[in-house]
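Please look over the sequence and the structure shown here. A short report comes after them.

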Amino acid sequence: MEKRAGSGAGRRTRREGVLLRVRVILDAFEHLVGGLGTALLAFVALLWIVLVGLACAVGIGFLLAPGLPRVVRSVADRERSRLSRSGPEIIKLGPAPSGGLRAALADSVVRRELRWLLIHGTLGLFLGLAGVTAALNSVQDLTYPLWWRILPRDDAAPTFVFWTVQDSADAWGVALVGVFLAVIFLTLGPGMARLQALPGQRLLVPPADIDLSLRIAQLTATRAAALDAHATELRRIERSLHDGAQNRLVAVTVLLGASRRALARDPSSAEAILDRAQYAAEQALAELRAVVRGILPPVLADRGLAGALDGLAAASVVPCKVDVDVPGRCAVSVEATAYFVTSEALTNIVKHSRARNATVVARREGDRLLLRIEDDGVGGADVRDGTGLTGIRSRISAHDGRLTVTSPPGGPTTIQVELPCGS
Amino acid sequence: MRIVIAEDDPLLREGVALLLRAEALDVVATTDSPDAFLEAVDHHRPDVAIVDVRMPPTHTDEGIKAAVEARRRLPGLAVLVLSAYVEQAFATELLAAGGDGLGYLLKERVGRVEQFLDALHRVAGGGTAIDPDVVTQLLTRTRPDSGLQQLTARERDVLALMSEGLGNAAIAERLFVTEGAVHKHIRNIFAKLGLAPTDRADRRVTAVLRYLEESRRHG
């Protein structure tokens with residue numbers, strides 16, 4: 001028993017090992033192809049530098065020389081973004097320093113880029129060509145016995161094969177070469193890809209101080225966006241205070257003024273006016289309450305997003321399942337928005353959908369908060385027909401987020417919200 | 001006095017209409033948008049329009065634009081603009097369009113019915129009525145080298161009351177001075193602002209405008 005279980009586990013790990021190996025090989029191939037691309041660019045840039053150098057002998061080169069750092073930088077930035085895709089991010093540096101060749105050469109970053117260009121344009125190019133050629137030829141040669149007959153007679157010899165293929169035996173010989181090439185690629189390929197990336201990883205990483213200042217620039221940009229969202233939110237609050245509570249209170253003063261005049265003239269008519277004034281004052285209070293609650297629901301601060309959404313679901317008349325997996329905290333206003341969307345959606349579900357079940361799912365993907373609210377009701381919800389969703393939409397767009405409502409007649413209704421976390 | 005009201009908040013619109021009708025004034029139309037307002041002006045040809053600054057669609061200065069347009073269509077139409085807060089750019093925009101019979105009041109002044117009716121009648125009679133708050137704000141925001149800065153405290157008081165649209169007698173009463181003293185102050189104000197020394201109504205309006213203009217350019 002024990003032995004069989006053991007061998008089963010062994011088979012499984014072996015299969016996983018093979019899968020892992022296949023992935024490593026495919027990755028290596030992909031990296032070598034990408035590296036070949038930038039190496040070709042580097043090679044062309046090297047050629048260009050040599051040509052410009054030669055042209056300097058007749059004078060024209062001096063006109064072209066100042067543009068060289070920019071050429072080098074753009075090639076280097078391509079390699080930077082290529083390496084960032086498969087490894088730790090290397091920040092792109094943008095345009096090269098202007099101010100002539102001498103100034104550029106005084107820049108340590110430019111000097112390192114030149115060293116990289118020299119290595120990548122030669123050794124990197126060789127590695128890329130060798131790796132890609134070995135991989136492609138191994139596939140071609142391995143499958144050669146299957147299709148060599150359709151080739152024209154006198155052209156029937158692939159690369160690296162020095163005999164003319166005339167019968168199956170010759171073709172199987174080619175396949176042997178394919179096996180040899182494949183073994184070479186399988187053993188050396190990943191190492192070659194690593195070796196090819198190495199100069200870039202060493203030489204193209206910006207020095208620590210530059211790295212930091214670039215990082216600060218990036219953070220400043222995201223912060224500015226966050227402040228923008230904040231300002232929009234403040235405008236929204238200002239608008240709702242002005243259009244709601246303030247106007248109600250003005251109406252109160254107007255009606256009070258009117259009722260005082262009425263008291264002096266005809267006390268019996270004052271009663272009706274005072275009644276309206278009181279109604280206006282109550283309206284003002286209700287508006288104020290709504291605005292204040294709309295700024296930040298206290299439950300968010302007390303129990304976080306998960307707790308707050310749980311609370312909403314528990315209060316819902318339609319049974320509602322909540323599944324929140326949002327590690328860390330998002331910006332408070334973002335969480336508040338998520339809360340209000342859910343609250344509004346659940347209210348609508350209870351009022352209009354005739355659903356029997358609802359689900360709320362919140363996830364964090366990178367720096368985005370994803371929220372999905374579903375029901376199994378009759379559908380046909382329209383964002384435009386004055387449901388609370390219109391207010392929600394403006395709130396979401398203030399945060400640069402996205403709201404999608406799908407609600408075909410007959411149901412079900414799905415509301416999806418995507419918000420930048422802002423943290 | 002035939003009045004058209006343009007105010008998008010229903011409670012407030014009906015409140016003002018109620019108040020004016022109780023005073024036996026003739027409110028011929030109440031409207032809730034600039035378009036409806038201009039239509040009502042064309043149709044009823046009122047003497048006075050009471051206009052809210054913020055109206056749909058963007059809730060910024062539609063009211064001012066509508067008021068200026070209404071005066072273009074119906075010259076001599078007196079306009080009293082109501083605003084939720086002091087926005088001197090709007091006040092200036094309105095007054096810069098020129099002419100008599102203009103007023104700019106904070107909304108809550110409507111509750112002080114006597115003063116409100118007073119302002120309304122003044123505007124209807126071709127005078128001006130600028131909210132005391134607007135005036136105060138303008139006075140604190142002028143350039144050091146402007147003529148306004150050379151005014152004494154008392155002269156500023158007089159100019160402020162003038163902006164509200166009060167006549168010499170009313171100003172004298174408010175400041176507990178004689179009418180002669182007010183007259184002297186006004187002459188000094190005109191001199192310091194470089195205006196011809198007369199206290200005809202249009203001079204007074206010019207002084208107020210000067211005031212608004214300066215603070216708009218340098219505020």
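The model is predicted. In chain A the mean pLDDT is 82, and 89% of the residues reach 70 or more. Residues 1–6 of chain A stay under 50 in pLDDT, and the model gives them 0 contacts beyond four places in sequence. Where pLDDT is low, the predicted coordinates should not be read in detail.

Chain A holds 12 helices and 5 strands. Of its 423 residues, 29% are buried. If one takes the contacts in chain A between residues at least 6 apart in sequence, 71% of them join residues at least 24 apart.

The contact between the chains takes 17 residues from chain A and 15 residues from chain B. On the side of chain A that touches chain B, α8 (208–265) and α9 (267–295) of chain A each supply at least two residues. The largest share of that side, 15 residues, comes from α8(A). The table sorts the side of chain A that touches chain B by class.

| Class | Side of chain A that touches chain B |
|---|---|
| Nonpolar | 9 residues |
| Polar | 5 residues |

In chain B, B:G167 lies in the loop between α7 (153–164) and α8 (168–175). Why is B:G167 partly exposed? B:G167 has 17 other C-beta atoms within 10 Å, so B:G167 counts as partly exposed; a buried residue would need 20 or more, and an exposed one 12 or fewer. B:G167 and B:E179 are 12 residues apart in sequence, and their C-alpha atoms are 9.9 Å apart in space.

Conventions:
Residues are numbered from 1 along each chain as its sequence is written. Chains are lettered from A and ligands numbered from 1 in the order in which they are written. This is a predicted model: local features need pLDDT of at least 70, side-chain atom pairs count only at pLDDT 80 or more; totals for chains, interfaces and linings use all residues. pLDDT is the predictor's confidence in each residue, from 0 to 100. Two residues are in contact if their C-beta atoms, placed from the backbone, lie within 7 Å. Helices (H or I, at least four residues) and strands (E, at least two) are DSSP runs, numbered from the N terminus. Ala, Val, Leu, Ile, Met, Phe, Trp, Tyr, Cys and Pro count as nonpolar, Asp, Glu, Lys and Arg as charged, and the others, Gly among them, as polar.
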